[in-house]
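Dear colleague,

Please find below the structure that I am handing over to you.

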Amino acid sequence: MAADGIVITAAIVGAEVTREQSPYVPYTAQEIATEAKRCADAGAAVIHLHVRDAQGKPSQDEALFRAAIEAIRAECDVVIQVSTGGAVGMALEERLGGLRCAPEMATLNCGSVNFGDDVFANSLPDMRKVARRIRDHQIVPELELYEVGHLDSVRLLEREGLLTPPHWVQFVLGVTGAIGARESVLRFFVSELEPSNHWGVAAVGRYQLPMAELAIGLGGHVRVGLEDNLYLERGVLAQGSAPLVARVASLARSQGREPLTAAHVRLRLATSQN
């Protein structure tokens, strides 16, 4: 993958963060759409999407995804990537509600991982089921890797014919209980990928922006947003995900990399259909 333009993904909702932690977390479909437009205007081409119910609790309900996606598409042109992770503890079938709403991308979590005091379970049979369902809906998967062994899960699914390269890979770094957000870790992950793959970094908390800057320099893409990090700088809440997107867009431009538009991303996605 050439180190030219950069794909910025905005993870604007998440399943764990709440308005008690930050008043800027969007809950309703219109709030989500408004924030998606702010992020698109700031340089994001992809919106990574979770949804909430009327009480603000995480949900993977198809109707809620459909309402949010329709609202986003009425506000701006972005590639919508739905989560199939949902929230820790959700049953697998519940987690797949967004796939029926015609997103262009969907996440595929490539293995189980300690997640704070919990375990985010993704068995091989479940991974195979998600991969088949994503393929059946003609959606491009983004492969979420939280640990080194998840690289081999991708290779296994590829050998079984459930994934076809080139892949879109997201390294999720710094989750408590999983692999840390360190330069050596990212360099190792990248060294294990074929050059044709697209890769990006989603680092959590205080690691988000430093790892984003490292990824930019290494030719990768970046995910930022309130799902993973609430702060623009130490002690300063980000007023939504858009300021985090703007910060990364500025960093990218300073290194000669222009944020790609949704149209440009779709051209790349066209080569990744399984």
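In these notes, a residue is called buried when its relative accessible area is under 20%, exposed when it is over 50%, and partly exposed in between, with a 1.4 Å probe and protein chains only. The model is a predicted one, in which local features need pLDDT of at least 70 and side-chain atom pairs count only at pLDDT 80 or more, while totals for chains, interfaces and linings use all residues. Residues are numbered from 1 along each chain as its sequence is written, and side-chain values use heavy atoms, with hydrogens and water left out.

Salt bridges

Side chains of opposite charge can pair when their charged atoms come close. The criterion for a salt bridge is a side-chain nitrogen of Lys or Arg within 4 Å of a carboxyl oxygen of Asp or Glu. Over the whole structure, the search returns 18 salt bridges. Helices (H or I, at least four residues) and strands (E, at least two) are DSSP runs, numbered from the N terminus.

One of the bridges joins Glu93 to Lys129, with 3.0 Å between the closest N and O atoms. This pair links distant parts of the chain, since Glu93 belongs to helix α3 (residues 92–95) and Lys129 to helix α4 (residues 124–136), 36 residues apart. Glu93 counts as partly exposed because its relative accessibility is 38%; Lys129, at 33%, also counts as partly exposed.

Two further bridges lie within helices. Glu62 and Arg66 approach to 2.6 Å between their closest N and O atoms; both are in helix α2 (residues 62–75), four residues apart, or about one turn of the helix. Glu62 has a relative accessibility of 25% and therefore counts as partly exposed. Arg187 and Glu183 form a salt bridge at 2.8 Å, N to O. Because they are four residues apart in helix α6 (residues 183–191), about one helical turn separates Arg187 and Glu183.

A network of salt bridges links Glu144, Arg223, Glu227 and Asp228.

Aromatic rings

Rings of Phe, Tyr and Trp (its six-membered ring) are paired if their centres lie within 6.5 Å; planes under 30 degrees apart count as stacked, over 60 as edge-to-face and the rest as tilted. Phe115 and Phe120 are edge-to-face, at 6.2 Å centre to centre and 75° between the planes. Phe120 also pairs edge-to-face with Tyr146, at 6.1 Å centre to centre and 80° between the planes. Phe120 is in strand β8 (residues 118–120) and Tyr146 in the loop between β9 (140–145) and α5 (150–159), so this pair ties together parts that are 26 residues apart in sequence. Both Phe120 and Tyr146 are buried. One aromatic cluster is formed by Phe171, Phe188, Phe189 and Trp199.

Cavities

On a 1 Å grid over the protein atoms alone, a cavity is a set of points where a 1.4 Å probe fits but cannot get out, and lining residues have an atom within 4 Å of a point. Grid points are joined across faces, edges and corners, and a volume is the space filled by probe spheres set on the points. The structure contains two cavities of 30 Å³ or more, and the largest cavity holds about 100 Å³ of space. Its lining comprises 14 residues, of which Thr9, Glu142, Trp168, Gln170 and His221 lie nearest the centre of the largest cavity.

Yours sincerely

Notes:
On a 1 Å grid over the protein atoms alone, a cavity is a set of points where a 1.4 Å probe fits but cannot get out, and a pocket is an open set with protein on both sides within 12 Å along at least five of seven lines; lining residues have an atom within 4 Å of a point.
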